[in-house]
Amino acid sequence: MTDAQRPAFALLPGAARSPVILHVPHSSREIPADVRAGIVLDDAALERELDHITDSHTADIAEAAAGLAGITPWRFVNRASRLVVDPERFPDEREEMTAVGMGAVYTRTTHREVLRPDDTDPEPLLERYFRPYARAVTEAVADRLAATGRAVIIDVHSYPTDPLPYELHGAGPRPPVCLGTDGFHTPPALLAAARKAFASRGGTGLDSPFSGTYVPLEFYGRRAEVGALMVEIRRDTYMTEPGGPAGPGLSRLAESLAALVDAASA
């Protein structure tokens, strides 16, 4: 299978009776050569941008947590960098990050510099990467609903200690773990379980500096059996910033994430 044929995402199976999907959308640095050709940064500048924009090691945190959990969760992992497409952004005018050139297909960097020309047509990337990803996540959630009667999406992210220029809401608190919620899809019990699981990791905050959580549009606002929570981990708690190696905090955070998985699986 060539790189062009290889799916840009992977669904890693968990236990048949697990309702939990650990969703890891921003952990990869991989950019196919033909997509790289449309990015105007030189190689050194692109590596720096990847350091800032990538949620480094979050796939490793999810993998370790899956291994520790009493009931193994499913994992949906993006193999492509979010600089290819960002699967969690709306592909249309609903996306507020379009204001800073960071909709589903980015045209600006974290420092608001040019990443792609303004006249870049996003459609080829949306068709090749965004829509297949969205369909696959939708199918994964539907499969958990059919198998267990419910689904719980735990969105695994990280964020920098200091705000970056692209952040629209960077002036608020930056706790060790930010929990992003949705009024319809985040039940109180799931939020309470997350607060308890991460209490020993420096504590949690709510919807700052990032808010909301990811739910496929087919279920969004329609199916309360689909629960969702975003877990945003401040990077200094587990790695050297920006883009450096992970430290001992990774295993401790994996233990906490596993505790959350176990609570969500019960």
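This is a predicted model: local features need pLDDT of at least 70, side-chain atom pairs count only at pLDDT 80 or more; totals for chains, interfaces and linings use all residues.
Residues are numbered from 1 along each chain as its sequence is written, and side-chain values use heavy atoms, with hydrogens and water left out. Helices (H or I, at least four residues) and strands (E, at least two) are DSSP runs numbered from the N terminus.

**Helix H4**

- Helix H4 covers residues 123-148, and its 26 residues reach 36 Å from the first C-alpha to the last, close to the 38 Å expected, where the expected span is 1.5 Å times one less than the number of residues.
- A kink of about 30° lies at Phe130, shortly before the proline Pro132; the bend at a residue is the angle between axes fitted to the seven residues ending there and the seven starting there.

**Pocket and cavity**

- On a 1 Å grid over the protein atoms alone, a cavity is a set of points where a 1.4 Å probe fits but cannot get out, a pocket is an open set with protein on both sides within 12 Å along at least five of seven lines, and lining residues have an atom within 4 Å of a point.
- The largest pocket holds about 960 Å³ of space, a volume being the space filled by probe spheres set on grid points that are joined across faces, edges and corners.
- Its lining consists of 42 residues, of which Glu88, Arg89, Glu95, Ser211 and Thr213 lie nearest the centre of the pocket.
- Helix H2 (43-53), H4, strand S4 (151-159) and strand S7 (226-234) are the elements that give two or more residues to this lining, and S4 gives the most, with four residues.
- By class, the lining of the largest pocket has 20 nonpolar, 10 polar and 12 charged residues, with Ala, Val, Leu, Ile, Met, Phe, Trp, Tyr, Cys and Pro counted as nonpolar, Asp, Glu, Lys and Arg as charged, and the others, Gly among them, as polar.
- The structure holds one cavity of 30 Å³ or more; the largest cavity contains about 40 Å³ of space, and its lining is formed by Ala8, Asn78, Ala80, Ser81, Val85, Tyr129 and Tyr133.

**Aromatic cluster**

- Rings of Phe, Tyr and Trp (its six-membered ring) pair if their centres lie within 6.5 Å, with planes under 30 degrees apart counted as stacked, over 60 as edge-to-face and the rest as tilted, and by this rule there are four aromatic pairs.
- The rings of Phe9 and Phe76 are stacked, because their centres are 5.4 Å apart and their planes stand at 20°; the pair links strand S1 (residues 9-12) with strand S3 (residues 74-78), its members being 67 residues apart.
- Phe76 also forms an edge-to-face pair with Tyr133, at 5.0 Å centre to centre and 75° between the planes, which links S3 to H4 across 57 residues.
- Ring pairs thus join Phe9, Phe76 and Tyr133 into a cluster, in which Phe9 and Phe76 are buried, as is Tyr133 (buried means under 20% relative accessible area, exposed over 50%, partly exposed in between, with a 1.4 Å probe and protein chains only).

**Backbone features in loops**

- Cis peptide bonds join Ser208 to Pro209, with omega about 10°, and Glu241 to Pro242, with omega about -15°.
- Arg112, in the loop between S3 and H4, has a positive phi of about 65° although it is not a glycine, and counts as partly exposed because its relative accessibility is 44%.
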